[in-house]
Every structure is written in C-alpha cells, then in structure tokens.
Amino acid sequence: MNETRRVLIAADKFKGSLTAVQVAERVTAGLRRVVPDLSVEALPVADGGDGTVDAAVAAGFERREVRVAGPLGEEVTAAFALRGRTAVVEMAEASGLQRLPAGVFAPLTASTYGSGELLRAALDAGARTIVFGVGGSATTDGGAGMLSALGARFLTESGEPASPGGGGLAELARADLSGLDPRLSSVELVLASDVDNPLTGPKGAPAVYGPQKGASPDDVETLDAALAHFAKVLEAEAEAGPRAAEYAASPGAGAAGGIGYGALLLGARFRPGIEVMLDVLGFAPALERASLVITGEGSLDEQTLHGKAPAGVAAAARAAGKEVVAVCGRLALPTEALQRAGIRQAYPLTSVEPDVARCIAEAGPILEDVAERIARDRLV
C-alpha cells in the first residue's frame, strides 16, 4: 500500500438508518479492519435539508438549542449551529416533517413560524452570516409563518391575523413587512437548498412537493391558488412591491413549501445547498489533504445528480483531480451516469446483503463490510 494514502469521508446520511456522522464512523471502522493505521478524515456533509445542523456541529460548530413552535403550533426543542459570527439554521429542525406525529399530515395548516423563531435566535446569538438550509418541510405556507415570527403582519379583510398555514393565505387582504426585525438588513442571509423550483405553477411548491406532505389533488389546487394570492397581495405592499412577483418566479422560491420565497423577500441569496455547506464545513482544505474521497447517501438515484450532496462532493473532488467512490444503501444509477458525475464506483449495501429490509435494519454493520471491500479494492 502507498503509505501516503489519506481518505476523506464526505457522505450524507442514510435516511432512516444512519446519520452522516454514523456513516463516517462505520466506513472508518471498515477501512481500518484492512488498513489499521490508515489516515482517515471525516467530514459529514448535508445539502441544506435535515441533518444540516448535525453536519455543522460535526465540523466544529457549537450546537445551540431553543424552544420554538413546531409546524402545528406545539412547542418543540430545535437546534441551530454557531461558529463565531456564522450560524447554520435548518428549517426542518422547527418545521420539518419529522416534527409531525407519525402518520399525521397538515398540508393546509402547517406553519413555518418556528423557523422564523430559529432565525431570530441566531440573530440574538450575534450571527452576521446565516446559512438557512431548507428542505424536508411539513409546510406549504410560502414562508408566511416565518415572516410573521420576524415581525411581518398578514391580515384578513376584518383586520384579524390570517390563519396559519398555506390554506389561510387565501383569506389574506393585506400584508405589512414594515415591522420586520431591523437586524435582518445588516445580515448576510444565504438560502441553501437542493431544489430550484419557483413558488407556484406546474413546477411550484404545491404541485411538486405537496403530495409528499399529505396534500390531495384538491389541496394542491387550493395551496397553489393561495400562494399565488399571497404573492399578489405582497406586490401591493410597500416594502416588497414589484420584487414580490419577481421573487415568486425565481429559482429556489418553491423550496421547502415556499419558505424559499419568504427568505428571498428577506434579501437572501440563493445558492445550491451542497455548495454552501462545503464552503461552511471547510471541504476545500480537507480535499487538498486527501488522496481518496468516499461520499454517499441512502439512495444513489436520478435525484442524486440534481444538487444532492454526493454529486456536489464528487464535482468538487473531480475538479481537484481526486479519486471518488460512493457508498449507498441502494444503487439506481448506471455506471456511465456515476462516472459522468465524477464517481468512479459505487458500493451499495445490497452488494453485500441482497435483502433490502436487512440493509435498512442492520445498515451499520453491513456498511462496515462494504468499507472493507473498498479498502481491499482501493487501498491495498
């Protein structure tokens, strides 16, 4: 073996089985079964969705916890990450699907209010740059709840606050953004997402992502009309004006049930989530030190190629001339597609254990076996 070999593990979570940190631990254990003194650096990654705060904490950020409103209004403990004046805020911590009781969906009423409270907590902690990772949401409210938590007012014809959730936006008569937290104007807010959908229409938040949040075809129609109405009302609002329509059509506006739209109204800059996170986590210097990069996620499929973490890691590594292989639970991409993405070879758990149910239940030990194979193929 070449003694200078140094492995960088930059993988995302295996959703429902292993966190990104656990993936790195298991891969390290498997590699070292074959090469006991192997130099391994772990940099768990995320693309802005659930697991983003955990990835930041693993990279040396401090975990901060705060009580905020969950998607149904109940109080939950949510976390953000802080290092110096940079905060990483994950909307799924407050408003994610995992915050709903098992089997319960609330497509018309779930609110992003708690995500706004998380942003406010980051401001209170002194953050001057906030990376706002969005994905995995239970909500389709266009970010109205988040904006409300930050000082905006959304009123009905009778002057009452509009009901929470995307459905409530249909009754909106007036929007007032003048009370937004003034600290927002002096903060760099980065909208980190792996999707570039607009707010409404056939590729908008309700049509594309509503069904996975429990929305029926009628609900999708209701939500799409309500969000279009929301944008129209905001056009008449002095603070937003013509930008309201422009932002509704912008890439990223439809992210996480339209919270991307709310973030753009706050002055956020949209960037692909994995690119932002690689910058924040210090990927470039870690990559420079590596001779082999191992990336991965639960399922390597067509979605992976469109802004998911492994594709971002592989693109950066390929640009630096580094060899990349991937681990995954399930592989649904042909070799040619993997290689076009910069991944030399993928090692699915199913190559060791054909039973998918066992792969999910015993992902950790099986991943160690997979990593052992990688070591034998690539490191000895």
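The chat below goes through the sheet, the ring pairs and the pocket.

Student: What am I looking at?
Tutor: This is a predicted model, where local features need pLDDT of at least 70, side-chain atom pairs count only at pLDDT 80 or more, and totals for chains, interfaces and linings use all residues. Residues are numbered from 1 along each chain as its sequence is written, and side-chain values use heavy atoms, with hydrogens and water left out.

Student: What is the strand order in the open sheet of 5 strands?
Tutor: The order is β2-β1-β11-β12-β13, with parallel pairing. Strands are DSSP runs of E, at least two residues, and helices are runs of H or I, at least four, numbered from the N terminus. Two strands pair if DSSP finds at least two bridges between them.

Student: Which strands stand at the edges?
Tutor: β2 (39-42) and β13 (345-348) do. Each has a single partner strand, so one side of each is left without a neighbour in the sheet.

Student: How many bridges join β1 to β11?
Tutor: 3 bridges join β1 (residues 6-9) to β11, and the two run parallel. Isoleucine 9 stands opposite isoleucine 294 in β11.

Student: New topic. How many aromatic pairs are there?
Tutor: The count comes to 2. Rings of Phe, Tyr and Trp (its six-membered ring) pair if their centres lie within 6.5 Å; planes under 30 degrees apart are stacked, over 60 edge-to-face, the rest tilted.
The rings of phenylalanine 154 and phenylalanine 230 have centres 5.4 Å apart and planes at 70 degrees, so that pair is edge-to-face.

Student: Where do those two sit in the chain?
Tutor: Phenylalanine 154 is in strand β7 (residues 153-155) and phenylalanine 230 in helix α7 (residues 217-235), 76 residues apart.

Student: And the other pair?
Tutor: Phenylalanine 230 and tyrosine 261 have ring centres 5.9 Å apart and planes at 75 degrees, so this pair is edge-to-face. Ring pairs link Phe154, Phe230 and Tyr261 into a cluster.

Student: Is tyrosine 261 buried or exposed?
Tutor: Tyrosine 261 is buried, with a relative accessible area of 0%. Buried means under 20%, exposed over 50%, partly exposed in between (1.4 Å probe, protein chains only).

Student: Last one. Which residues lie nearest the centre of the largest pocket?
Tutor: Lys15, Asp194, Gln212, Gln303 and Lys308, out of 27 lining residues. On a 1 Å grid over the protein atoms alone, a pocket is an open set of points where a 1.4 Å probe fits, with protein on both sides within 12 Å along at least five of seven lines; lining residues have an atom within 4 Å of a point.

Student: Which strand gives the most to the lining?
Tutor: Strand β11 (residues 292-300), with 3 residues.
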